[in-house]
Amino acid sequence: MTDSHPNPNQWWFHRRMMAYASLLGLYVILGQIIIGSISADIVPLAQTLAWVFSANLLYYYCGNAVEAVKGKS
């Protein structure tokens, strides 16, 4: 997929920023769980956001794995 992007470095930079933002979001949710500042009404939203952030991280790391395998062949 990076072959079709005019600037692969920019593409990877944006993917890294997405992964860092997802990590930050997961850490914020975890911190609020540990502190106990999440009310019962917000728990479904926090769970949904945790799944979305996790999916973003899986997308980034799986993309890295695919690029690494493609580079070896």
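Modeller: Gly25 counts as buried because its relative accessibility is 13%, where buried means under 20% relative accessible area, exposed over 50% and partly exposed in between, with a 1.4 Å probe and protein chains only. This is a predicted model, in which local features need pLDDT of at least 70 and side-chain atom pairs count only at pLDDT 80 or more, while totals for chains, interfaces and linings use all residues. Residues are numbered from 1 along each chain as its sequence is written, and side-chain values use heavy atoms, with hydrogens and water left out.

Gly25 lies in helix H1; helices (H or I, at least four residues) and strands (E, at least two) are DSSP runs numbered from the N terminus. H1 has 28 residues and spans 40 Å from its first C-alpha to its last, close to the 40 Å expected at 1.5 Å a residue, the expected span being 1.5 Å times one less than the number of residues. Beyond the end of H1 comes Gly36, whose phi is positive, near 90 degrees.

An α-helix has 3.6 residues a turn, so residues three or four places apart point the same way. Ser22, for its part, is buried because its relative accessible area is 2%. Apart from neighbours within four places in sequence, Ser22 is in contact with Phe53, Asn56 and Leu57. Val28 of H1 is partly exposed, at 43% relative accessible area.

The partner helix, H2, has 30 residues and reaches 43 Å from first C-alpha to last, close to the 44 Å expected at 1.5 Å a residue. Its buried residues are Ala46, Phe53, Leu57, Tyr60 and Gly63, and what covers them includes H1. Val66 of H2 is partly exposed, with a relative accessible area of 47%.

The two helices pack at an angle of about 145 degrees, with axes 9 Å apart; axes are lines fitted to C-alpha atoms, for helices over the stretch in contact, and angles run from 0 to 180 degrees between N-to-C directions. Gly25 is one of the H1 residues that make this contact, and Phe53, Leu57 and Gly63 are among those of H2. The residues of the contact divide into 14 nonpolar, six polar and three charged. Here Ala, Val, Leu, Ile, Met, Phe, Trp, Tyr, Cys and Pro count as nonpolar, Asp, Glu, Lys and Arg as charged, and the others, Gly among them, as polar.

The largest nonpolar core consists of five residues, Trp11, Trp12, Ala19, Leu57 and Tyr60. H1 and H2 each supply at least two residues of this core, and H1 gives the most, with three. Such a core is a set of buried Ala, Val, Leu, Ile, Met, Phe, Trp, Tyr and Cys residues joined through side-chain atoms within 4.5 Å.

Notes:
Contact means heavy atoms within 4.5 Å.
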